[in-house]
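I opened this entry to keep track of what I looked up. Here is the structure I worked from.

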Amino acid sequence: MQILVTGAAGFIGSHVVDGLLENGHRVVAVDNFSDYYNPEFKRQNVASASGNDQYTLIEADITDVLAMRQLFQAHKIQMVFHLAAQAGVRISIKKPLLCQKNNVEGTYLLFELAREFGVQDIVFASSSSVYGNQEKTPFSEDDSVDHPISPYAASKKACELIAYTYHHLYHMNMIGLRFFTVYGERGRPDMSPYLFADAILHDRPITRFGDGSMQRDFTYIDDIVSGVVACTERKLGYEIINLGNAHPVTLNEYIATFERVTGKKAIIEEKPVPLGDVRRTAADVRKAKRLLGWEPTTSLEVGLTKFVHWFKANRM
Ligand SMILES: NC(=O)c1ccc[n+]([C@@H]2O[C@H](COP(=O)([O-])OP(=O)(O)OC[C@H]3O[C@@H](n4cnc5c(N)ncnc54)[C@H](O)[C@@H]3O)[C@@H](O)[C@H]2O)c1
C-alpha cells in the first residue's frame, strides 16, 4: 500500500515511517522541518529511511494548498497517517494561532485533499491532553473531553471533530489515536525525558514541577509504532483509541527511575506547575486491545534504559 505520512521527520513520524517500510508499504513522507526544535535532528531522523527505494521525502508545509495538491496529484495515495502538528502544550499557550494554523487548518486541508483524491482511510494523531484535568482514572474514550485546558488540547479535540464530520459526510474511515506522553529514541528535546537525561547526565539540576505527585502515563515509542501500524489493516468507520502504557507513575517515581537508569542522583529544582499542564494522565487501553489487538509491552524502566543509551550515543 502507498501511504502518506505527515510530520514524517518528527519523533513519532520518523519511527512510524520505519515501521511501515519494515511492513512492506511504500511511504510518501512530508514534513516542513519546522524550527520548533533543531531541524538538524529531523534530518537525522529521516536518515535511516532515505536509502530505501520505497520511500519518497517531500519537504512541504501541510498548510500549503498548492504543494499538497501537487503531492496528491503526483502520488497515488491509498492511506494517510497524519502526524504533523505544532506539538507542545506550553508553546500553544504562547502562540495559539501557530497551533491553530498547523493543527486545525492543516488538518482540514489534508482531509479535504484526501476526500478530493478519493483516499478513504486516515489515521491521525490526537492526544491524551484532550482529557484535561479530569479526576476519573483511567481515562477512557467514552469520557467527556469538553474541557481542554490548553490551545494544544483544544486543537486536538478539533481534529477529532473534523474527522468525525468527514466520516459522516463522505464515509471515510477515521482513526484518531490519543497518544499518552511518548518517549524513546529520537525523542523531542522539549519533553521531560530529553530534558532530564540531558540535565542528569551533565550534573545540572532538573526542574520538578509541583511536589512530584503529578502523574504521567509514559509510553515507549516502539509500543506506539506497533499501535499505529496496526491501524493499516483496519477499516473501522470512526473510532478514537487511546494508546498509552496503562501504568501511570508520579513525577517522583519517574525521577527515581531516571536515577536508577543513569546511576546518578538528580539535582532537583522546584517550580510551580505551569498553566495548561494536566495533573495526571492514565490510559484505559481496553479499546485498543479490542479493535487493534494492541497492548503496550515496554515498562518505563526498560524504555528509559534504551532511551538513555541512545541519548549518550547521539546527544552527548
Ligand atoms: N510526543 C508525544 O508525547 C505526543 C503525545 C500526544 C500526541 N502527540 C502528537 O503526535 C504527533 C507527532 O508528535 P511528535 O512528538 O513526533 O512531534 P514532532 O514535533 O517531533 O513531530 C511533528 C513533525 O511535524 C512537522 N510539522 C509541523 N507542522 C507542520 C506543517 N505545517 N507541515 C508539515 N510538517 C509539519 C514538524 O516539522 C515535525 O517534524 C503530533 O501530532 C503530536 O501532537 C505527540
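Is Ala197 buried or exposed? I found that Ala197 counts as buried because it has 24 C-beta neighbours inside 10 Å. The cut-offs I used: buried takes 20 or more other C-beta atoms within 10 Å of the residue's own, exposed takes 12 or fewer, partly exposed lies in between, and C-beta atoms are placed from the backbone.

Two notes on the source. I am reading a predicted model, where local features need pLDDT of at least 70, side-chain atom pairs count only at pLDDT 80 or more, and totals for chains, interfaces and linings use all residues. Residues are numbered from 1 along each chain as its sequence is written.

**Around Ala197.** I placed Ala197 in helix 7, residues 192-201. Helices (H or I, at least four residues) and strands (E, at least two) are DSSP runs, numbered from the N terminus. I then looked for contacts, meaning C-beta atoms, placed from the backbone, within 7 Å. Setting aside neighbours within four places in sequence, Ala197 touches Phe307, Val308 and Phe311. Phe311 is 114 residues from Ala197 in sequence, yet their C-alpha atoms are 7.4 Å apart.

I traced seven strands in an open sheet, in the order 3-2-1-4-5-6-11, with parallel pairing. Strands pair if DSSP finds at least two bridges between them. Strand 3 (55-59) and strand 11 (238-243) are the edges, each pairing on one side only. The twist averages 20° from one strand to the next. Leu4 has Val80 of strand 4 as its bridge partner.

**Helix 8.** This helix packs on the sheet and touches strand 4, strand 5, strand 6 (173-179) and strand 11. Its direction makes about 170° with that of strand 6; axes are lines fitted to C-alpha atoms, for helices over the stretch in contact, and angles run from 0 to 180 degrees between N-to-C directions. Why do I call helix 8 largely enclosed by the rest of the structure? Seven of its 10 residues (221-230) are buried, so it is. Among them are Ile221, Asp223 and Gly227.

**The ligand.** I counted 28 residues around the ligand, the closest being Gly7, Gly10, Phe11, Ala85 and Ala125. Near means a C-beta atom, placed from the backbone, within 6 Å. Helix 1 (11-22), strand 2 (26-31), helix 5 (96-116) and strand 5 (121-127) each give two or more residues to this shell. Helix 1 gives the largest share, three residues.

How values were computed
Contact = placed C-beta atoms within 7 Å.
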